[in-house]
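Could you walk me through this structure, one selection at a time? I have it open in my viewer and would like to know what to click on next.

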Amino acid sequence: MASTLARWVVEKGVDNINPAMLSADMRNEIMTEAGMILLKEGRFFEAVKAVTMAGNSEKLSEMGDEFVRQTKFEEAALCFIPVKNKEKLERAAAECARLGNMHLAYFAYVAAGNEPMAVFMKENFCPEL
């Protein structure tokens, strides 16, 4: 049943469902599975959203670690931001900045709690934020 519901979430869209109607265990199982389906489909942002909705920090961290191994630091940062792992966020933020994605680097530094770097990024690269 969880597979059917996970597929339904993928088809309906993560933003178009209300996971609060599910028990915590069902939400974790269904949204994590939906996230894995979305990940396989290359829909990274939605995958991270689904796994974040599941409250599955362990899976997000695993996803982020895999993206780091693949040198996909922007995707890794998206996974690490909800987890708030300072060390992993610092590395992902630095790589995002190196790649020119200053906005994502800013948000990663904010999530890491690195206020000096977040302020530097905002003042020099993202004043509209």
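Start by selecting arginine 69, which is exposed, with a relative accessible area of 59%. Keep in mind along the way that this is a predicted model.

Glutamate 66 is partly exposed, at 34% relative accessibility. While you are here, show the C-alpha atoms of glutamate 66 and alanine 76: they are 10 residues apart along the chain and separated by 7.8 Å.

How many salt bridges does a search of the whole structure find? The search finds 9. For another one, select lysine 59 and glutamate 62, where the closest N and O atoms are 3.3 Å apart. Both residues lie in helix H4, 3 residues apart, about one turn of the helix. Lysine 59 is partly exposed at 24%, and glutamate 62 is partly exposed at 37%.

Next, pick aspartate 65 and lysine 88, whose side chains meet in a salt bridge of 3.0 Å, N to O. This pair links distant parts of the chain, with aspartate 65 in helix H4 and lysine 88 in helix H6, 23 residues apart. Aspartate 65 has a relative accessible area of 24% and is partly exposed; lysine 88, at 23%, also counts as partly exposed. Then select Arg7, Glu41, Arg43 and Glu46 together, as these residues are linked in a network of salt bridges.

Move to glutamate 75, in helix H5 (residues 73-83). Setting aside residues up to four places away in sequence, glutamate 75 touches Phe44 and Phe67.

**Aromatic pairs**

The structure holds 3 aromatic pairs, and one of them is phenylalanine 44 with phenylalanine 67, edge-to-face at 5.3 Å centre to centre and with 85° between the planes. The pair joins distant parts of the chain: phenylalanine 44 belongs to helix H3 (residues 44-54) and phenylalanine 67 to helix H4 (residues 57-69), 23 residues apart. Phenylalanine 44 is partly exposed at 24%, whereas phenylalanine 67 is buried at 5%.

Tyrosine 106 and phenylalanine 107 form another edge-to-face pair, 5.1 Å centre to centre with 65° between the planes. Here tyrosine 106 is buried at 14%, while phenylalanine 107 is partly exposed at 40%.

**Into the core**

Now colour the nonpolar residues. The largest nonpolar core has 40 residues, and Val9 and Met31 touch the most other members. Elements giving two or more residues to this core include helix H1 (2-12), helix H2 (24-40) and helix H8 (115-125). Helix H7 gives the most, with 8 residues. Select valine 9 to see its contacts: leaving aside neighbours within four places in sequence, these are Val14, Ile17, Ile30, Met31 and Ala34.

**Last stop: the cysteines**

Finish with cysteine 79 and cysteine 126. Cysteine 79 is buried at 0% relative accessibility, and so is cysteine 126. How many disulfides are there? The count comes to 0. The sulfur of cysteine 79 is 11 Å from the closest cysteine sulfur, in cysteine 96, too far for a bond. For cysteine 126, the closest cysteine sulfur is also in cysteine 96, 11 Å away and too far for a bond.

Note on methods:
Residues numbered from 1 in each chain as written. Predicted model: local features only at pLDDT ≥ 70, side-chain atom pairs only at ≥ 80, totals over all residues. Heavy atoms only, no water. Phe/Tyr/Trp six-rings, centres within 6.5 Å; stacked < 30°, edge-to-face > 60°. Helix = DSSP H or I, 4+ residues; strand = E, 2+ residues; numbered from the N terminus. Buried < 20%, exposed > 50% of the residue type's maximum accessible area, 1.4 Å probe, protein only. Contact = heavy atoms within 4.5 Å. Core = buried A, V, L, I, M, F, W, Y, C linked by side-chain atoms within 4.5 Å. Disulfide = S-S within 2.5 Å. Salt bridge = Lys/Arg side-chain N within 4 Å of Asp/Glu carboxyl O.
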